[in-house]
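Visitor: I would like to learn how to read a model like this one. Please take me through it feature by feature.

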Amino acid sequence: MDVKTADFRQRARAALAQPTLQRSLQGMRRAMPALRSAALAALPDHAALRDRARESRDHALAHLGHYLVAFESRVRAAGGEVHWARTGAEAGAIVAGLCERAGARRVIKSKSMVTEEIGLNATLAARGLQVTETDLGEYIIQLRGESPSHILAPALHVSLAEVGAAFERHHRRSRTAPLTEAGAMLVEAREELRAVFRAADVGITGANFLVAETGAAVLVTNEGNADLVASLPATHIVVTGIEKVVATLDDLGVLLRLLARSAIGEPLSSYTTLVHGPRRATEAAGPAAFHVVLVDDGRSALLGTPRQEILRCIRCSACLNHCPVYTAVGGHAYGSVYSGPMGAVLAPAIDGLATTAQLPAASTLCGRCEAVCPVAIPLPRLLRDWRGEALRAGFTTPAWRRSLRLWQWLAAHPVLYRFVLGLAAGGLRLVSVPARRGERRIRRLPLVARGWFAVRDLPAPEGGSFQARWRARQP
Ligand code: SF4
């Protein structure tokens, strides 16, 4: 994966100036919270279900080795093969080897964040394989040579006109009029992809879950493309993270009831398929060869640490859709495959903190992400945890370190601390200006927080510091 997260601030500024992206994000801010709330409100046992989901994910992670081996043995019993990859590069080499073994030239894929994480398309293309994404959003960004900007809606940042232009550039068709209508684009993409589906030698999917009890790889999509990828080519390869395993079908049922509701505000996604190995002798269709590539890529290093909780993530995207930072700047600003609150916690574990230290800082810690997470991941605590590590490792700016040291010193001297805060509150009131309804607001400060005051202001403190006002209220 091409990691560029050190540029977060420049990328965020660029994202704020992109009208198409901003329109899409505005739509997301308006629609997604309401859709999710309505879907979950219709679930009478939502809180209990969330507890069960968290417990089932914790149980699987606490016994990860056991359930992965159980999954492997069931896949083998069904005639499939399981491959273990310690790193992204190893996973890429395994998949490339399997494609070569199959004598493949054409590969089709359904959407998979793990394959984005390990840069699989580039690895396969370097071996001369022709790789085509079949999820509509992924197909669009593949034509445009881009990476996904959202884990479920990868082409969120692309306008309809830009989709039409990409199709006109890449689809060899004679036209009498420009392609401007969404329905026509959909039909055209479907026609183009049908031929690709038929000609493919290998199909590569991710897996939303792996079920240890039955050896199933679970594919959840709204387009049904993953089912074609898994069943039409002679070889099906599942590439997924080791943390995706769940113990039983009952656990899967609990997670599926929460996944689509949290993601898109629907009771279920359109297609949920459980794949169990290659075609059997009694079956008329399906792949002759079935492989599962289990990718570690930094995940096992989180086990047994407080950061293990991020491995509960089921990639529903609710934390992105509700995050005031993600919904302002979109996914590309993060420069990592995974964006939003879950990405800011996961990316440092996968890519290392040296290139991702700005991501945990890209959060207001408002807590919405934890509140909406269907598996109750304490994202704000994990973000603070990475921030502490970034500070200790020297990945923050010298000015920031000096400010924190000053704050720490002041906080250790309570009398002085109260005096300075009192002075600061008085100073802020002095620079404030009259606003509506007798309020006073601070519009700018000399030398500091210019970025903040460029787009918003602050209410002026009334009656001294918070501590002084608190003390004054005590009986
Ligand atoms: S962290 Fe929680 S809310 Fe965010 S994608 Fe993962 S499961 Fe969904």
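The dialogue below goes through a helix, a ligand shell, the domains and some backbone angles.

Visitor: What should I know before starting?

Guide: This is a predicted model, in which local features need pLDDT of at least 70, side-chain atom pairs count only at pLDDT 80 or more, and totals for chains, interfaces and linings use all residues. Residues are numbered from 1 along each chain as its sequence is written.

Visitor: How do I check the span of helix α19?

Guide: Helices are DSSP runs of H or I, at least four residues, and strands are E runs of at least two, both numbered from the N terminus. The expected span is 1.5 Å times one less than the number of residues. Helix α19 has 14 residues (379-392) and should span 20 Å. Its end C-alpha atoms are 20 Å apart, which agrees.

Visitor: Which residues of α19 are buried?

Guide: A residue is buried if 20 or more other C-beta atoms lie within 10 Å of its own, exposed if 12 or fewer, and partly exposed in between, with C-beta atoms placed from the backbone. An α-helix has 3.6 residues a turn, so residues three or four places apart point the same way. In α19 the buried ones are Leu 379, Leu 382, Leu 383, Trp 386 and Ala 390. They cover an arc of only 100° around the axis, so they sit on the same side of α19. That arc is taken from the directions from the helix axis to the C-beta atoms. Exposed Gly 388 and Arg 392 are on the face turned away from the buried side.

Visitor: Which residues are closest to the ligand?

Guide: Near means a C-beta atom, placed from the backbone, within 6 Å. The ligand is surrounded by 13 residues, the closest being Cys 313, Cys 316, Cys 319, Met 342 and Cys 373.

Visitor: What are the domains of the chain?

Guide: Bounds come from an automatic or database domain assignment. The assignment gives domain 1 (1-42 + 319-396), domain 2 (51-295) and domain 3 (401-473). The C-alpha centres of domain 1 and domain 3 are 28 Å apart.

Visitor: Where is phi positive in a residue other than glycine?

Guide: Most residues other than glycine have a negative phi. Leu 365 has a positive phi, near 55°. Leu 365 lies in the loop between α17 and α18. It is partly exposed because it has 15 C-beta neighbours inside 10 Å. Arg 437 also has a positive phi, about 50°. Arg 437 is in the loop between β11 and β12. With 4 C-beta neighbours inside 10 Å, Arg 437 counts as exposed.
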